[in-house]
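User: I would like to go through a structure with you, beginning with the overall picture and then turning to individual residues. Please keep the answers plain.

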Amino acid sequence: MTVSGETVAAPPAAERRRVTVRGVVQGVGFRPFVFTLAAELGLTGQVGNTGDGVVAEVEGAPVAVAAFCRRIGTDAPPLAVVESVTHTPLPAAGATGFRIAATSTGDRARTLIAPDTATCADCLAELTDPADRRYRHPFVTCTHCGPRFTIVTALPYDRATTTMAGFPMCARCAHEYADPADRRFHAQPIACHDCGPRLTLRRHPGTTDACADPVAAARRMLADGAVLAVKGLGGYHLACDASREDSVRLLRERKARGGKPFAVMARDLAAVDGLVHLSAAERDLLTGARRPIVLLRRRDAADRPPHAPHVADAVAPGSPDLGVMLPYTPLHHLLFGLPGDLPGPELLVMTSGNRGGELIVTDDADAFTTLAPLVDGWLTHDRPIHVPCDDSVVRMIDGAPVLLRRSRGYAPAALPLPVPVTPALAVGGDLKNVLCLGEGRRAWLSAHLGDMDDLATLTAADRATAHLADLTGVRPRHVVADRHPGYRSLGRARRAAGPDGVRRVQHHHAHIASAMAEHGLDGSRKVIGVAFDGTGYGDDGAIWGGEFLLADYDGYHRFAHLAHVPQPGGDAAVRHPYRMALAHLHAAGLPHDPDLPCVRACPPGQLPLLQRQLTLGLNCVPTSSMGRLFDAAASLTGLCHTAGYEAQAAVTLEAAASRAAEPAPREPPPGHTFTLRPTAAGALAADPAPLLAALAAGVRAGVPAGRLAARFHHAVTALVGRVCAAARDRHGPETVALTGGVFANRLLATECARTLRADGFTVLRHRLVPPGDGGLALGQLMVAARRGAPPAP
């Protein structure tokens, strides 16, 4: 180009590109972020939500377009999870300006909404600022926080496809929603006092309180000892003052809770500090955006500062741990009170709003009937909950967080898969049920559903399947279930299966595959899977649960297992650990002497009947369960004879061992060991007879129960190390997967991992999914739905 007789370079031609971003990119402020980024770089075009994610078309100088394509992934909003960014060239259109386009609804969904997240610092500042128009607004939120998964009804994510659709924005909220410079630009749950949901307080027997401030009235009721149902993000909580023994005992009695610990919600981190020991990682868990319940080691009375709030003994009787969470909604913060409010409780019991073992209640009409026998009132609101989502539970084990319940704050975040899978639904098991949808290299787990023992939970599972399928676009071609013929989840699978029928996966194989998948193993090499739990249907019809399997995704070989013993009376032995102690003594050839605690715990009239039952094998299913061995040890040492909730005996045994603080020796004391012997099937059987004899001798010698419990843990740890070393020597694998519900035990999991690492093993521990049955569906999916995998029998 010539200008005034001089030749100068022409400006570069404009470039246009279509940029597609996949991942968690809806409901997290991604379109406003793109709008702002394009304006900063001087680009024209548009951005919109589609079923595939967020799609932008940008036009401008090539250097600016290149910067846009790079920064759209690296500078994304805090709640976004960018899985991929792709871009393709388009002809330049000479467009002007940049706009947010209407949502496209024609594509099959291929993205996911973000999990619900805790109130951010900016919203919390508005909540507590008397000069702000959202001062004390119980539903303050923005693009960086608040409800997502529990209010979305369909994708693409827009206000019309959330439970906020019934709350038209006022003029001021509409202005913020449309302003690209505002933090609430396209924040779908946006609302204020004028146009948002409304709180109400209903007192028993169902009368609505016309008070001007329902939260203040609820706070007074709690301080006076009442039990309230409080509507949260994913369901109702049952709340009471955690410092009042009478209130906590009343709630425990009404809910038929037995001795199972309650979780508590603390006003702030300072209150938590006075109650428990906190590591830096545990602080991060408590204060992060997910806000799970964190199981924390309690301070001894002598170690508790004077300012620490009082916790009633009935909150967590006998437990060395306390489940603690911090407020994660504006309503929670208001319930504790703002400066100037009349003081209320510093610590609240916050437990799931349901009867024991049932699904968390989400529907208001259901809450007013189902929860009526449990509460003195309801603090509720008129925004519907579309998806039940209980609180997540996390425990630090061996220096890393382990999910014991994966739900609010984590669901429905996608999990990457190491190998592709065909579209499939895995229905999990019957306890702690979680379902899983998968396609390609991604899997999606539902929120925690609970135990599949009533119609409400089965119905909720069907709804959760349909909702997750709508959000992910996965249309299952296969349905996968556990092999147990009596599982209700198997019945669900059969109803959902098409012509292909149900693919069934052995329980402990699924546990091991779950651990392999979350660590990115492609299955080309076998691992040594140590699967310890309470119940899993075995290939021989027995109850398995103390398994050492050489496994990959295609199959497994049972290298070793805990020796089979009779489980008298089926589930009756689970509820009464003394029955398992007597069964193990019988199998070990040890007498039922009356000086042993488990013998004394057996009702006198029942003992001869039980002995006859064991001798003849009547109604005695054989079991290799490590969970049942923990039960037996808890009763034999006098710690727990009757279990009021799942794993109570094992939890009690771990707590006693932890309090004993006996350091882990290189080898257990003499006699505290297992005998390994070959079986007719070619596996090794680990016989605990020497260990049981040593524990019984320790009881008679007056050794404290906690010390015996610690020795039991050391013996199981030594067994794991010994068997894994033998498996490596014979077959070569150097990777061990520790899985199954028993490995929620912090003491055992930590000792086993350290022992195995010291012997040169690579140890796989669960991080992304629970070690128990809440992670089962992921493993089922990997075994049965891999592309090219043979159908599971």
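User: What share of the residues in the chain is buried?
Analyst: This is a predicted model. In the chain, 60% of the 793 residues are buried.

User: What is the radius of gyration, and what would a compact globule have?
Analyst: The chain has a radius of gyration of 29 Å. A compact globule with 793 residues would have a value near 28 Å, so the chain agrees with that expectation.

User: And which box do the C-alpha atoms fill?
Analyst: Taken along the principal axes, the box is roughly 105 × 65 × 50 Å.

User: How many helices and strands are there?
Analyst: The chain contains 23 helices and 31 strands.

User: What about contacts, how many join residues at least 24 apart?
Analyst: Of the contacts between residues at least 6 apart in sequence, 71% join residues at least 24 apart.

User: Surface next. What is the accessible surface, and which part belongs to carbon and sulfur?
Analyst: The accessible surface of the chain is about 29200 Å². Carbon and sulfur atoms account for 54% of that surface.

User: Let us move to aromatic rings. How many pairs are there?
Analyst: Counting ring centres that lie within 6.5 Å, there are seven aromatic pairs. One of them joins Phe30 and Phe33, with ring centres 5.4 Å apart and planes at 75°, so this pair is edge-to-face.

User: Why edge-to-face?
Analyst: Planes over 60 degrees apart count as edge-to-face, and the planes of Phe30 and Phe33 are at 75°.

User: Where are Phe30 and Phe33 relative to each other in helix 1?
Analyst: Helix 1 covers residues 30-41, and Phe30 and Phe33 are three residues apart in this helix, so about one helical turn separates them.

User: Are they buried or exposed?
Analyst: Phe30 is buried, at 1% relative accessibility. Phe33 is also buried, at 15% relative accessibility. A further edge-to-face pair is formed by Phe35 and Phe185, whose ring centres are 5.6 Å apart and whose planes are at 75°.

User: Changing topic to the backbone: which peptide bond is cis?
Analyst: The bond from Ala411 to Pro412 is cis, with omega near 5°. Pro412 is in the loop between strand 18 (400-405) and strand 19 (414-426). As background, most peptide bonds are trans, and most residues other than glycine have a negative phi.

User: Which residue other than glycine has a positive phi near 50°?
Analyst: That is Lys432. Lys432 sits in the loop between strand 19 and strand 20 (436-445), and is partly exposed at 29% relative accessibility. Ala256 also has a positive phi, of about 55°, without being a glycine. Ala256 lies in the loop between helix 6 (245-254) and strand 12 (263-266).

User: Is Ala256 buried or exposed?
Analyst: Ala256 is exposed, because its relative accessibility is 65% and the cut-off for exposed is over 50%.

User: Now Ser514. Where is it, and what is it in contact with?
Analyst: Ser514 lies in helix 13, residues 507-518, and is buried at 1% relative accessibility. Leaving aside neighbours within four places in sequence, Ser514 contacts His766, Val769, Gly775, Leu778 and Gly779.

User: Last one: where is Ala725, and which residues does it touch?
Analyst: Ala725 is in helix 21, residues 705-731, and is buried with a relative accessible area of 16%. Not counting residues up to four places away in sequence, Ala725 touches Asp759 and Phe761. Between Ala725 and Gly760 the C-alpha to C-alpha distance is 9.7 Å, at a separation of 35 residues in sequence.

Notes
Residues are numbered from 1 along each chain as its sequence is written. This is a predicted model: local features need pLDDT of at least 70, side-chain atom pairs count only at pLDDT 80 or more; totals for chains, interfaces and linings use all residues. Side-chain values use heavy atoms; hydrogens and water are left out. Helices (H or I, at least four residues) and strands (E, at least two) are DSSP runs, numbered from the N terminus. The radius of gyration is taken over C-alpha atoms; the globule rule is 2.2 Å times the number of residues to the power 0.38. Buried means under 20% relative accessible area, exposed over 50%, partly exposed in between (1.4 Å probe, protein chains only). Contact means heavy atoms within 4.5 Å. Accessible areas come from the Shrake-Rupley method with a 1.4 Å probe; for residues, only the protein chains shown count as cover. Rings of Phe, Tyr and Trp (its six-membered ring) pair if their centres lie within 6.5 Å; planes under 30 degrees apart count as stacked, over 60 as edge-to-face and the rest as tilted.
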